[in-house]
Amino acid sequence: QVQLVESGGGLVQAGGSLRLSCAASGRTFSAYTLGWFRQGPGKEREFVASINWNDGTRYYADSVKGRFTISKDNAKNTVYLQMNSLKPEDTAVYYCAAVRYKEKALQSVEYPYWGQGTRVTVSS
């Protein structure tokens, strides 16, 4: 069983930065793919970024390329989402999710393990 604990959400002005963290308890991520998703008010949950733990392969949604960076810390069994140049449209609840390794997992239905979500609000 994989348990995910998220932190780092908050309120930030447009153009600012925020870093989200997602730590696993009880099991290493070494054989998993980790993803970040978000869901804004009145919107469906959408893919943001993912990282394959074993080889570091990363994928990003077009809307965040060049602004967001997903990374990992093996020793801490933690994945991060560094968000720069934030825009009001980035406002959403952000979720961390995990799935047994898949080369390209971009759909929420592919992930059986989820964190509780952390809210990010970007003011204009």
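Biologist: Is Lys102 buried, partly exposed or exposed, and what is its relative accessible area?

Modeller: Lys102 is partly exposed, with a relative accessible area of 33%. Buried means under 20% relative accessible area, exposed means over 50%, and partly exposed lies in between, using a 1.4 Å probe and protein chains only. A word on the background: this is a predicted model, where local features need pLDDT of at least 70 and side-chain atom pairs count only at pLDDT 80 or more, while totals for chains, interfaces and linings use all residues. Residues are numbered from 1 along each chain as its sequence is written, and side-chain values use heavy atoms, with hydrogens and water left out.

Biologist: Which residue does Lys102 meet in a salt bridge?

Modeller: A salt bridge here is a side-chain nitrogen of Lys or Arg within 4 Å of a carboxyl oxygen of Asp or Glu. Lys102 meets Glu110 in this way, at 3.5 Å from N to O. Glu110 is partly exposed too, at 22% relative accessible area.

Biologist: How many salt bridges does the structure hold, and which residues do shared partners join into one network?

Modeller: There are five salt bridges, and the network joins Arg38, Glu46, Arg67 and Asp90. Take Asp90, which is buried at 0% relative accessible area. The side chain of Asp90 meets Arg38 at 2.9 Å, N to O. Asp90 lies in the loop between strand 8 and strand 9 (92–100) and Arg38 in strand 4 (residues 32–39), so this pair ties together parts that are 52 residues apart in sequence. Arg38 is buried as well, at 5%. Asp90 also forms a salt bridge with Arg67, at 2.8 Å, N to O. Arg67 sits in the loop between strand 6 (58–60) and strand 7, 23 residues from Asp90, and is buried at 10%.

Biologist: You mention strands; how do I read the open sheet, and what is its strand order?

Modeller: Strands of a sheet pair through backbone hydrogen bonds, either parallel or antiparallel. Helices (H or I, at least four residues) and strands (E, at least two) are DSSP runs numbered from the N terminus, and two strands pair if DSSP finds at least two bridges between them. Here four strands form an open sheet in the order 1-3-8-7, with antiparallel pairing. Strand 1 (3–7) and strand 7 (68–73) are the edges, each pairing on one side only. Six bridges join strand 7 to strand 8 (residues 78–83); in strand 8, Val79 is the bridge partner of Lys72.

Biologist: Which ring does Lys72 lie over?

Modeller: A charge sits over a ring if NZ of Lys or CZ of Arg is within 6 Å of the ring centre and within 35 degrees of the ring normal. Lys72 lies over the face of Trp53, at 5.2 Å from the ring centre. Likewise, the charged end of Arg100 is over the ring of Tyr32, 5.8 Å from its centre.

Biologist: And how many aromatic pairs are there?

Modeller: Rings of Phe, Tyr and Trp (its six-membered ring) pair if their centres lie within 6.5 Å; planes under 30 degrees apart count as stacked, over 60 as edge-to-face and the rest as tilted. The structure holds six such pairs. One of them is tilted: Phe37 and Trp114, 5.2 Å centre to centre with 50 degrees between the planes. Phe37 is in strand 4 and Trp114 in strand 10 (residues 113–114), 77 residues apart. Phe37 counts as buried at 1%, whereas Trp114 is partly exposed at 25%.
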